[in-house]
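These are my notes on what I looked up in the structure.

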Amino acid sequence: MSASLVGSPILPEPTRSSRCHRKTSKTIMATCVDRCRTTDAATKLLSFDSHLDKSPYNNYMKPSRHPVSELVPCAPASQDSNGKEEIWMKMREEAQSEAEQEPVLANYYFVSILSHNSLESALANHLGNKLSTSSISSDTLSGVFLSVFTEDWEIRRDIRDDLRAVKERDPACISYVQCLLNFKGFLACQAHRVAHKLWSQSRKSLALLIQNRVSEVFAVDIHPGAKIGRGILLDHATGVVIGETAVIGNNVSILHNVTLGGTGKVSGDRHPKIGNGVLVGAGSNVLGNVKIGDGAKIGAGSVVLKEVPPRTTAVGNPAKLIGGKANPIKLDEIPSFNMDLTSFITEWSDYVI
Amino acid sequence: MSASLVGSPILPEPTRSSRCHRKTSKTIMATCVDRCRTTDAATKLLSFDSHLDKSPYNNYMKPSRHPVSELVPCAPASQDSNGKEEIWMKMREEAQSEAEQEPVLANYYFVSILSHNSLESALANHLGNKLSTSSISSDTLSGVFLSVFTEDWEIRRDIRDDLRAVKERDPACISYVQCLLNFKGFLACQAHRVAHKLWSQSRKSLALLIQNRVSEVFAVDIHPGAKIGRGILLDHATGVVIGETAVIGNNVSILHNVTLGGTGKVSGDRHPKIGNGVLVGAGSNVLGNVKIGDGAKIGAGSVVLKEVPPRTTAVGNPAKLIGGKANPIKLDEIPSFNMDLTSFITEWSDYVI
Amino acid sequence: MSASLVGSPILPEPTRSSRCHRKTSKTIMATCVDRCRTTDAATKLLSFDSHLDKSPYNNYMKPSRHPVSELVPCAPASQDSNGKEEIWMKMREEAQSEAEQEPVLANYYFVSILSHNSLESALANHLGNKLSTSSISSDTLSGVFLSVFTEDWEIRRDIRDDLRAVKERDPACISYVQCLLNFKGFLACQAHRVAHKLWSQSRKSLALLIQNRVSEVFAVDIHPGAKIGRGILLDHATGVVIGETAVIGNNVSILHNVTLGGTGKVSGDRHPKIGNGVLVGAGSNVLGNVKIGDGAKIGAGSVVLKEVPPRTTAVGNPAKLIGGKANPIKLDEIPSFNMDLTSFITEWSDYVI
């Protein structure tokens with residue numbers, strides 16, 4: 001582990017040393033962020049497959065009815081005419097405005113947002129503060145987060161896609177800066193992206209420490225081995241549990257108290273595979289190595305132990321398909337986008353309240 | 001935001017400045033607390049309606065069978081012959097006694113309770129300590145809480161009604177001081193009352209920060225827009241999620257892992273309306289703008305997507321009414337008061353274990 | 001309360017004072033730990049009965065088909081030829097190895113594990129750090145934990161049985177040191193053991209403070225009155241709620257978001273009694289003073305309000321027995337050991353997804 005990670009400065013700097021699995025040499029972060037922005041649009045349509053290309057899940061994900069193009073975030077990362085990044089500039093404006101309206105928080109906004117020169121720097125610092133303990137300093141953790149953000153352009157892209165997902169789908173999200181500062185689902189997801197990177201580099205103890213701190217601070221327990229796509233909304237997030245061999249596609253919305261859990265004490269592939277555009281309602285348990293097809297919806301409080309076909313709706317305990325197993329009703333819209341959790345009840349034949 | 005909130009002293013002082021929506025000038029808190037105690041009994045019967053008077057929920061809440069008088073807390077706030085407040089005096093006695101029995105905690109009881117001259121001061125200090133971070137000091141937060149307590153007599157009344165509700169209904173609550181120090185449902189609820197006040201004053205960023213910290217520290221996520229009555233018991237509280245446009249009546253008991261959630265990504269009125277005296281069992285999901293009638297009971301683990309009539313019991317996933325939809329069994333007692341979560345099983349025809 | 005608890009050193013020392021319920025005088029901890037290890041194997045088969053001998057649960061627990069011998073941990077506590085304790089030596093080796101692989105965490109492993117001369121010292125220190133606040137120092141809490149560990153050999157044995165249970169049953173647990181440092185279910189359970197001891201000594205305020213801090217930090221709410229056996233796995237742990245009069249046998253595995261809850265507001269015996277070797281799936285609610293028989297399994301998301309016979313599987317909301325009430329299918333294996341949460345679905349006649 002290079003010394004640069006320990007006590008590394010909060011603001012990005014040249015990264016001169018590499019440890020393992022670092023694919024390319026990088027110069028300075030600003031350059032690197034620019035580079036990823038230019039490649040962003042091009043890679044958007046391809047990255048989902050590459051993300052899952054070693055997963056059994058890949059085979060069944062033939063997006064015949066829901067082409068991936070429907071499932072990419074609506075707006076690509078972009079920069080204004082001065083080359084400044086739009087989402088980070090917007091976030092700074094929001095922070096400035098909120099600080100002016102609420103002087104009690106002026107210093108907080110300065111330290112958390114306005115003193116930073118990039119989204120990555122602000123996020124690394126905020127996560128470091130939230131997850132630090134008396135034994136692990138915020139500087140140490142912030143340094144770890146920033147180092148991974150600096151070396152991995154996919155994570156930097158994913159952060160922005162997640163920010164847009166929250167802003168777009170959650171009517172309670174009034175600004176990007178609120179998402180960054182206060183949405184524990186967003187924060188847990190970004191911490192997981194770093195833990196997953198560390199896990200893939202065999203830095204298991206550090207990855208597991210981050211998992212634990214996220215579980216304690218945000219009540220979100222995601223094993224660092226889990227593979228999670230981009231454009232993810234973990235709404236409210238309390239009580240979410242995602243197991244080691246779970247795979248989650250792109251543009252998925254998961255409510256609180258959802259379990260993507262394993263079964264059995266044997267190691268190996270034992271957790272759910274969630275397709276693109278899936279919506280999982282609050283308090284649902286999806287257990288075992290089962291596939292939830294692209295664009296499917298799992299109603300709140302459901303218990304799902306079997307495959308759910310694409311674009312269908314599974315509800316109840318035990319879960320059944322709306323419209324029946326033989327001829328389930330197919331959804332016209334992407335459920336993770338419209339967040340419609342209740343309209344199916346007119347079709348729910350047992351619903352006799 | 002007046003400077004008086006930043007670093008304001010823990011013990012109450014004259015409040016000389018006002019920001020917005022401050023209805024009346026106040027002199028010193030002691031006076032103000034006295035005043036609210038004298039008006040307390042008189043306003044008790046009226047306040048529920050005023051609380052909800054702009055809500056669509058108001059129309060259906062015709063307390064024909066369950067007059068509001070049944071649903072007010074059993075004992076009004078009162079003072080002894082020396083003009084001292086009963087509940088705060090009792091709490092100090094308890095703290096004194098517990099400190100003597102457990103010297104390890106003597107300093108803790110002194111700092112948390114015995115050094116304060118009012119319930120509001122102790123509560124503001126305790127919440128400030130619990131919710132502070134490295135970026136937001138406990139003094140700042142305590143100042144915010146105390147300022148709102150000082151300006152809003154309804155919140156001061158609600159705090160006491162909630163204390164009585166916990167003490168009365170939760171057999172695990174052995175004293176008022178335990179409720180104040182250790183019951184995270186009680187603490188989350190009081191923090192929400194302050195966040196809701198700030199939200200109604202358009203101080204959204206501060207309100208959302210409190211929501212976030214309560215969600216992280218207590219695992220209770222209540223949107224500051226939610227309207228919550230008084231005499232509330234949030235038992236255990238972990239995992240409770242209450243959405244922005246939810247309305248909760250008086251004397252409601254809600255167990256842990258309960259969601260009063262929205263549906264759809266469109267803003268607007270999209271969360272449940274919970275009547276007076278309702279009991280909601282652990283792990284239930286109530287979703288959408290549905291009405292739960294006065295004195296109704298929701299069994300543990302239920303999924304409720306439709307209206308539940310007053311004084312009926314809804315159980316299961318999907319929920320159905322005990323006794324059947326056409327002729328549901330009517331409850332004789334107020335379920336939030338007796339906390340009876342299981343006696344209906346003899347009537348639950350499907351219960352075939 | 002003896003002064004020795006306040007600011008007592010982290011490393012074990014002679015305990016010269018006793019407070020209440022201290023059964024035997026002890027000399028130094030090393031001796032004491034040795035003593036308990038030699039008696040460990042002998043008491044293993046007997047201790048379950050003594051643990052529960054005042055409970056109504058005791059009568060029905062006739063292990064005719066599942067003799068207790070099946071349910072003790074696979075490996076007894078043991079020491080190597082130098083008299084050093086195996087599990088603690090293994091944990092130190094793991095810490096050494098992980099610290100070398102991850103220099104960022106070297107100091108953390110030193111402070112948390114390598115600087116301690118016993119498992120109890122390391123655990124007491126770690127719990128003290130995790131549960132401390134600005135008002136209650138980590139030294140004070142660590143002193144309380146270490147003092148109880150020192151005086152109670154059963155708790156020292158239970159800690160080791162729980163470590164083995166997690167390592168054996170949870171495929172995500174890669175080492176003992178990971179369990180100690182990062183598994184909040186394990187940490188919550190050990191903190192509860194101390195709180196329960198304090199509760200039994202009528203040190204209620206200290207016990208309730210520990211309960212509260214565990215609920216805030218780990219989102220696990222176990223009333224200090226609850227009786228919990230050994231060889232316990234609380235997997236993921238978020239949202240677990242266990243009530244005051246609950247009793248849990250040995251070798252039980254409980255997933256997250258499980259409630260063993262009460263009913264009614266009257267004090268008295270009102271919570272579930274869980275037999276040996278039981279597995280309770282995520283998100284289940286077991287309510288009231290009901291018995292869950294030895295070796296039974298409760299499926300995820302179940303609502304159980306009635307007795308479940310030994311070695312049967314209850315699933316659903318409301319729960320029913322796999323195979324039917326009259327002739328339920330009997331499990332051949334101990335469900336808490338194999339952690340099989342889904343294989344029954346082929347028998348679940350209603351499962352029509």
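**Chain A against chain C**

I began with the area: chain A and chain C bury about 3,900 Å² between them, 59% of it on carbon and sulfur atoms. Buried area is the accessible area (1.4 Å probe) that two parts lose on being put together, summed over both. In chain A, the residues that lose the most area to chain C are A:Glu216, A:Lys265 and A:Leu305, together 17% of what that side buries.

I noted for the whole notebook that this is a predicted model, in which local features need pLDDT of at least 70, side-chain atom pairs count only at pLDDT 80 or more, and totals for chains, interfaces and linings use all residues. Residues are numbered from 1 along each chain as its sequence is written, chains are lettered from A and ligands numbered from 1 in the order in which they are written, and side-chain values use heavy atoms, with hydrogens and water left out.

I then looked up contacts (heavy atoms within 4.5 Å): 48 residues of chain A touch 44 residues of chain C.

How many salt bridges are there between chain A and chain C? I found 2, where a salt bridge is a side-chain nitrogen of Lys or Arg within 4 Å of a carboxyl oxygen of Asp or Glu. A:Arg203 and C:Glu102 form a salt bridge through their side chains, at 2.9 Å from N to O.

Which element gives the largest share of the side of chain A that touches chain C? It is helix 11 of chain A, with 8 residues. Helices (H or I, at least four residues) and strands (E, at least two) are DSSP runs, numbered from the N terminus. I sorted that side of chain A into 20 nonpolar, 16 polar and 12 charged residues. For this sorting, Ala, Val, Leu, Ile, Met, Phe, Trp, Tyr, Cys and Pro count as nonpolar, Asp, Glu, Lys and Arg as charged, and the others, Gly among them, as polar.

**Chain A against chain B**

Here 44 residues of chain A are in contact with 48 residues of chain B. The buried area is about 3,900 Å², and carbon and sulfur atoms give 58% of it. I found 2 salt bridges across this interface. B:Glu216 pairs with A:Lys130 in a salt bridge whose closest N and O atoms are 2.7 Å apart.

**Two helices in chain C**

I looked up helix 6 (residues 119–131) and helix 11 (residues 204–218) of chain C, which pack at an angle of about 75 degrees with their axes 10 Å apart. Therefore helix 6 of chain C is roughly perpendicular to helix 11 of chain C, a label for angles of 65 to 115 degrees. Axes are lines fitted to C-alpha atoms, for helices over the stretch in contact, and angles run from 0 to 180 degrees between N-to-C directions. Helix 6 of chain C makes the contact with C:Leu127, C:Lys130 and C:Leu131, and helix 11 of chain C with C:Arg213, C:Val214, C:Val217 and C:Phe218. These divide into 5 nonpolar, no polar and 2 charged residues.

Most residues other than glycine have a negative phi, and most peptide bonds are trans. I found a cis peptide bond from A:Asn317 to A:Pro318, with omega near 0 degrees. A:Pro318 sits in the loop between strand 14 (313–315) and strand 15 of chain A. C:Asn317 and C:Pro318 are also joined by a cis peptide bond, with omega about 0 degrees. B:Asn251 is not a glycine, yet its phi is positive, about 55 degrees. B:Asn251 is in the loop between strand 5 (247–248) and strand 6 (253–254) of chain B.

Methods. Parallel < 35°, antiparallel > 145°, perpendicular 65-115°, else oblique.
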